[in-house]
Number of protein chains: 2
Amino acid sequence: VDTNLFPGGFNNLSPQMLPLAVQAAMAAIEKICPEAKNLLLIPERHTRNTFYLQNIARLASILRQAGLNVRLGTLSDEIKKPTWIELPDGNRLLMEPLSRLGLKKQRLGLKDFDPCSILLNNDLSAGIPPILENLHEQYLLPGLHAGWHVRRKSNHFAAYDEVAKRFAKVVDIDPWMINPYFVSCSNVNFHERKGEDELQTAVEQVLKKTAKKYREYGIKEKPYVVVKADAGTYGMGVMVVNDPAQLKGLNRKDRNKMSIVKEGLEVSDVLIQEGVYTFEKVNEAVAEPVVYMIDRYVIGGFYRVHTDRGPDENLNAPGMHFVPLAFEQNSIPDLGAKPGSAPPNRFYLYGVVARLALLASSLELERSDPN
Amino acid sequence: VDTNLFPGGFNNLSPQMLPLAVQAAMAAIEKICPEAKNLLLIPERHTRNTFYLQNIARLASILRQAGLNVRLGTLSDEIKKPTWIELPDGNRLLMEPLSRLGLKKQRLGLKDFDPCSILLNNDLSAGIPPILENLHEQYLLPGLHAGWHVRRKSNHFAAYDEVAKRFAKVVDIDPWMINPYFVSCSNVNFHERKGEDELQTAVEQVLKKTAKKYREYGIKEKPYVVVKADAGTYGMGVMVVNDPAQLKGLNRKDRNKMSIVKEGLEVSDVLIQEGVYTFEKVNEAVAEPVVYMIDRYVIGGFYRVHTDRGPDENLNAPGMHFVPLAFEQNSIPDLGAKPGSAPPNRFYLYGVVARLALLASSLELERSDPN
């Protein structure tokens, strides 16, 4: 359960969803900068992950089809001149070094490319590179404070908590249906075994509340929690716990795993989130839904599938694969139709949750930088 | 070859295209009236055509899914109170009588429904009903002057001619590729056989120009023209001619057919349009593409297929049927991809022509009523 503001995996979207993505991008551009012609896309630094690069290729293609000139500017120090990178599907990407432009060097672009908008697909886990700062009359999206150097899962889920509660009241459902329990815990040091007691108490608290809900709804499974680095991303710094005692006996390997997240950052704050059993299956393998949005539009999604993992495990791990368009995305319910005439449609529900999460993200970003 | 501003046939769109339609409607609403909650949809008067009513049901469903309260107000005198109409697919529509609202009766709505926007799906062939006039602070879309009481095919194609020529210059193609020849002819009276000579001359002119192009491109077929009532719609007042002499010998039946169009209006101006051979086939039957747009977005299309007609005949006729989603709508070309790596994609081309036609319509409407 998470909200990614720098999504990878656009290449996992089914080609059938592309028109929707292109149209959403067109609407987004029209709102932000109707005159936009040039867009600079800044990907993650790691240039050798062809899976990620296919995501960039797909994203660039969506934006091109929306009518923009799209070029790629990299933060990588290794790329000192425009460099073609071949992709496994036969396509290729031109990666170019970023450059400050203008007499006062107030704008960001490429040597011969002055963009009106800049789209970050780099989550800034390592902090803000100076080349991105103090831009003059250019739109940078998402804003710099949306990077993981600022973002905290706890802030996001606090905002989501508010949004989900208000929404649940409006549609008269138990907010727990769309909002798992969580609690955050600071000053944890897995290496030095500091804060273990507080962490155990927090885990116990979430497990107890979840167990109560399980009893209320007659759910027979055993509650569990997922312990996550509060500033972590990329599936790193994540651990599944179903008994607080487990935290006492963590071996060195597990402690190392939890200590360091992307870009080598050390973990001190963690989020303890109620685990949600992955009940959906694709070809007998557990599958969890991933929903994609562009601007305020749900454009598609897919299942993340892991054949070697159980329903209570983190599927964002090596060995996972993706099954695009397992969603029945076409049967949007019609309020005017007779009740029961449409087939059950999980994707619609996931889309609602994704839209609530987007609302929560905007609250979260507003609070972490009101400007 | 035509542009309809009050499209029927939304029910022919494949369900796969619905998300695109809903998203386009969302973007359109946000632009026109972001606070819009209530929308009144005004259909054609004929309430017994269940095929047309399924179109209305589909259109209402798209708008509801975009987040609006949608109700149907009818111009029909036969409906004096809210009336449910059953549809063949098991759904039903509530058709309600229109009503002027407010102390000064300045707004249009239903007895208990004050809409911020009103969407016309009635082409106003019979003129503007007084109940639609002088609305106060309500958006009426399309504007009243887009109705067929004002619209003329000749104005539309004159505007399309300009747009197509400019576009063809930009992409460096022969404008004839996207713009068939046409000429208009006024003061024709089929009943009284007035204007026959002028009509013959006009037909001859278009046939000659077309023949020249056919020679230039090595096309072996025999040129033909389609004679259409300049103010006609609904597939009425249309005749195929491949020899000017045919116009001399028109029998009474043909002359009657050409004299009267929708709502019993008499024809006096006609458009002579170069006929375009329908080369595409669906299951061995000739098929012509129909493209749908909402706002500025191409949302889908289908083939109009007629098993009993030839490639030079009007397919908008009894016996026609529709094959939704024969288009390969998913392969939007990627300019960044290697040339030749994408399959041929006619739908994309049709979408470009549709967008040019939309541009032409906006020029046409601006000129027929600059306010």
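## A surface patch, a helix and some salt bridges

I173(A) sits in the loop that joins helix 3 (153-171) to strand 9 of chain A. This is a predicted model, and in it I173(A) counts as partly exposed because its relative accessibility is 35%. Together with V170(A), V171(A), M177(A), Y217(A) and I219(A), I173(A) forms a nonpolar surface patch with about 520 Å² of accessible area.

Now to helix 4 of chain A. Which way do its buried residues face? Just after the helix, G218(A) has a positive phi of about 65 degrees.

Over all chains, the structure holds 28 salt bridges. Here are three of them:

| Salt bridge | Closest N and O atoms |
|---|---|
| D2(A) with K153(A) | 3.8 Å |
| D295(A) with K31(A) | 2.9 Å |
| K213(B) with E216(B) | 3.3 Å |

D2(A) and K153(A) link distant parts of the chain, 151 residues apart. K153(A) counts as buried because its relative accessibility is 5%, while D2(A), at 46%, counts as partly exposed. By contrast, K213(B) and E216(B) both lie in helix 4 of chain B, 3 residues apart, about one turn of the helix. R71(A), E96(A) and D112(A) are linked in a salt-bridge network.

Conventions:
Residues numbered from 1 in each chain as written. Chains lettered and ligands numbered in written order. Predicted model: local features only at pLDDT ≥ 70, side-chain atom pairs only at ≥ 80, totals over all residues. Heavy atoms only, no water. Helix = DSSP H or I, 4+ residues; strand = E, 2+ residues; numbered from the N terminus. Patch = residues over 30% accessible without salt bridge, like charges linked within 9 Å, V, L, I, M, F, W, Y side chains within 5 Å. Areas by Shrake-Rupley, 256 points an atom, 1.4 Å probe, with all protein chains shown as cover. Salt bridge = Lys/Arg side-chain N within 4 Å of Asp/Glu carboxyl O. Buried < 20%, exposed > 50% of the residue type's maximum accessible area, 1.4 Å probe, protein only.
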